[in-house]
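The sequence and model are shown first.

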Amino acid sequence: ALASPFLRQFPLDLVHPEDRPDVERWLAEVVAERRGWSNVVIRWQHKDGSHRWLESNGVPIFDEEEALVGYWGADRDISERVRAGENRRRLLGELVRLQEEERRRIATEIHDDPVQAMTAVEMRLESLRRRIGNAEEQAAVDGLSTAVSEAIGRLRRILVEVRPPRLDQEGLASALRGLLDRLQEETGASVHLEDRSLHEIPVDARTVLYRIAQEALTNIRKHADATEVRILVAERAGGVVLRVRDDGRGFDPGRSADERPGHLGLVSMRERAELAGGRFRITSRPGVGTSVVAWVPAEGGS
């Protein structure tokens, strides 16, 4: 740790140029409010262009007349910790990307092979039933046709879980509509989708928000006992915001994950948003429902 006094002469020339405006604003607030700070992470740049992260702490110094005359500060180098965190986020981000690529491949194979083949079998069974005059044989064929139709339905539900074709072909709103329709069918809840997006949402942002919505709706289906579910998609602050709100049982977000059976998905939703450079917030109270809000930047290709 490095400790040194300074009299309002914060070494701004050592702060990384990209961060300097933010640090200047923060320092002005600190001085104006005559307060100290703790555990503030600042990126410093060396003359050779390399940079390190310091965790800064400072306390104000006052004279006998309570006038602010300076600060006493102590900095701790946390560069290794910050780089380890960045590496972890990079690796997790790559893992998520590979998972989505594999999901897309599996979904394509399921759609192009088993679903198409079983649909053809269903059509042939219907053709066969029309040519059979025996009622008992017709009933047997009807039973087979029903079994094939149910299997196709199960495969299509798996497709939605793995990688819905609508997400790539029609966009986020269409894929979310599919999730809501399924929720309504299974729970009887009233569902609403409000799409305020004005532009095509990039693939990465679209995928992240879809997975967050999917997890939120899974929690609603399993735990909320909701009668109404609403999803909002809108462009905001250079990104896209997703809000999933229900009027169900709600819960106490302040309790640990171990005390919230079935809510481990909250960690997954938060990590997905933060890995994409976004933010995640959940508000809930027992008896008044839950609101999940995620924002991700709309950067990248579409």
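I132 counts as buried because its relative accessibility is 15% (buried means under 20% relative accessible area, exposed over 50%, and partly exposed in between, with a 1.4 Å probe and protein chains only). This residue is found in the loop between α2 (79-131) and α3, where helices (H or I, at least four residues) and strands (E, at least two) are DSSP runs numbered from the N terminus. When neighbours within four places in sequence are left aside, I132 is in contact with E137, Q138 and V141, contact meaning heavy atoms within 4.5 Å.

The model is predicted: local features need pLDDT of at least 70 and side-chain atom pairs count only at pLDDT 80 or more, whereas totals for chains, interfaces and linings use all residues. Residues are numbered from 1 along each chain as its sequence is written, and side-chain values use heavy atoms, with hydrogens and water left out.

## Packing of α3 and α6

Helix α3 (residues 135-162) packs with helix α6 (residues 203-224) at an angle of about 120 degrees, their axes being 10 Å apart. Axes are lines fitted to C-alpha atoms, for helices over the stretch in contact, and angles run from 0 to 180 degrees between N-to-C directions. α3 and α6 are therefore oblique to each other (under 35 degrees counts as roughly parallel, over 145 as roughly antiparallel, 65 to 115 as roughly perpendicular, and the rest as oblique).

V160, E161 and V162 of α3 and Y210, R211 and Q214 of α6 make the contact.

## Salt bridges

The count comes to 16 salt bridges, each being a side-chain nitrogen of Lys or Arg within 4 Å of a carboxyl oxygen of Asp or Glu. One of them joins E55 to R76, with the closest N and O atoms 2.6 Å apart. E55 lies in strand β3 (residues 51-62) and R76 in strand β4 (residues 68-77), so this pair ties together parts 21 residues apart in sequence. E55 is buried, with a relative accessible area of 8%, whereas R76 is partly exposed at 40%.

E126 pairs with R129, the closest N and O atoms being 3.4 Å apart. The two are separated by about one helical turn, because they are three residues apart in helix α2. Both E126, at 31% relative accessible area, and R129, at 24% relative accessibility, are partly exposed. A network of salt bridges links E126, R129, R130 and D142.
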